[in-house]
Number of protein chains: 2
Amino acid sequence: MTLTNVKALVFDVFGTVVDWRSSVTRECQAFGARKGIERDWTAFAVEWRKAYRPAMNRVISGELPWTNIDALHRMALVELLARHDIHGLSEAEIDDLNRAWHRLDPWPDSVAGLTRFKSRFIIATMSNGNVALMVNMAKRACLPWDAVLGAEVARAYKPERLAYETTARLLGLANEEVMLVAAHNRDLAAARGFGFCTGFVTRPTEHGPGQTTDLKADQDWDVVATDFRDMATQLGC
Amino acid sequence: MTLTNVKALVFDVFGTVVDWRSSVTRECQAFGARKGIERDWTAFAVEWRKAYRPAMNRVISGELPWTNIDALHRMALVELLARHDIHGLSEAEIDDLNRAWHRLDPWPDSVAGLTRFKSRFIIATMSNGNVALMVNMAKRACLPWDAVLGAEVARAYKPERLAYETTARLLGLANEEVMLVAAHNRDLAAARGFGFCTGFVTRPTEHGPGQTTDLKADQDWDVVATDFRDMATQLGC
């Protein structure tokens, strides 16, 4: 795979660009403090995230019609609140807590790295997160995307082929002119299978201090980097 | 209509944000100079633009399947070249000339105005232009969009309702939380009909020195401005 033809970098976002675990924990803690509710909010955040893949799989399998991540997060949240014996919230309070996912903080190198990437490449989201979530996140966190694309625009979730190919097509590019950047070997394996270039970045605390997965590259990805600054340097940005 | 609930400004682009007429003329002149072909390139640019609405109408009517603007521009260009007795171009040369529409210059106030709007609102394209065209234009012209939305993402051309409503929905907003900014009274009339707020900006030379249309607001649009700086001031940005 040659990188000289790459014109766009598209990014997994949750875990790769932003630290969902610390941010959602912080948001839940703030919610608890406001409401006077004590729980293990880190565990709550992790459980919430764990509901994400099974919920998407219900869409992929056709059990649910097209449903975006805000709606899937909210369905999971309602169940999670009940399981943690938290009751009596208004719809507006649940909506606001659900938008914790719009308020995720970038990793310390993300904004600087994206800014360098942007000088040389088109940079776009290719996230399973919906457009409103990505736009609100980007405005708060100063993520300088050229375009917000991905699952909702393609109406298909990664790792479905359509999610990847629609993103390249909308950018007017062939698959091999696009590099997926992700902290997850699985995402990259799918991308490579569809002819995309692949960039791996390690995010060794995405899942907390005891993380055991994605600590290193499983394959000879086209670029392997310790963070976005390192990747920008390797790409000559 | 109250503007206090407006959270996003979405923009018509051709004519409102960028000066297609001068830019396409300049691109065609440069093409002519490279190839040693003399024609009235201003007339050529205007004819090319005139082919745009009938071509889209063929999509809206169902005569053509979904076809994006790059492809519609190219179909029109091939006809136009033949009509102007220009032959023997390679496919790559036609593609490059077709991408003249990716290289449009902003009006002098556009970048400064958009930057001010962006400090207070989500700013997104709601153009009939396709995503790649809008992204390439934005990178070249430094248009700081938060999101590139519009016809191709909605798979519907303005003034179809779906083009407007999909844009609001993807931003997670109600129609009345979105203001369309356009230099065309007709675009705004459709937007108002669908419950959007409306912002009119005069672009008195979009169609050249003898322009007779859209020199003033036809209705009491929510904001009426002489340019984007004026509109930003009126919106408190």
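Reader: Which element gives the most to the lining of the largest cavity?

Author: H4(B), with four residues. A cavity here is a set of points on a 1 Å grid over the protein atoms alone where a 1.4 Å probe fits but cannot get out, and lining residues have an atom within 4 Å of a point. Helices (H or I, at least four residues) and strands (E, at least two) are DSSP runs, numbered from the N terminus. This is a predicted model, where local features need pLDDT of at least 70, side-chain atom pairs count only at 80 or more, and totals for chains, interfaces and linings use all residues, with side-chain values on heavy atoms and hydrogens and water left out. Residues count from 1 along each chain as its sequence is written, while chains are lettered from A and ligands numbered from 1 in the order written.

Reader: OK, and which residues line the largest cavity?

Author: Trp48(B), Ala51(B), Tyr52(B), Ala55(B), Met56(B), Ile69(B), Leu72(B), His73(B) and Ala76(B). Two or more of the lining residues come from each of H3(B), 52-60, and H4(B), 69-83.

Reader: Where's the second largest cavity?

Author: In chain A, with a lining that includes Thr125(A), Asn130(A), Met134(A), Leu149(A) and Glu152(A). About 30 Å³ of space lies in that cavity. S2(A), H7(A), S3(A) and H8(A) each supply at least two lining residues. The classes come out as six nonpolar, five polar and one charged.

Reader: Switching topic: what's the strand order in the chain B sheet?

Author: S3-S2-S1-S4-S5-S6, an open sheet of six strands with parallel pairing. Two strands pair if DSSP finds at least two bridges between them.

Reader: Which strands stand at the edges?

Author: S3(B), 147-150, and S6(B), 223-225. Each has a single partner strand, so one side of each is left without a neighbour in the sheet.

Reader: How many bridges join S1(B) to S4(B)?

Author: Four, between residues 8-11 of S1(B) and 178-182 of S4(B).

Reader: And which residue stands opposite Phe11(B)?

Author: Val181(B), in S4(B).

Terms used. On a 1 Å grid over the protein atoms alone, a cavity is a set of points where a 1.4 Å probe fits but cannot get out, and a pocket is an open set with protein on both sides within 12 Å along at least five of seven lines; lining residues have an atom within 4 Å of a point. Grid points are joined across faces, edges and corners, and a volume is the space filled by probe spheres set on the points. Ala, Val, Leu, Ile, Met, Phe, Trp, Tyr, Cys and Pro count as nonpolar, Asp, Glu, Lys and Arg as charged, and the others, Gly among them, as polar.
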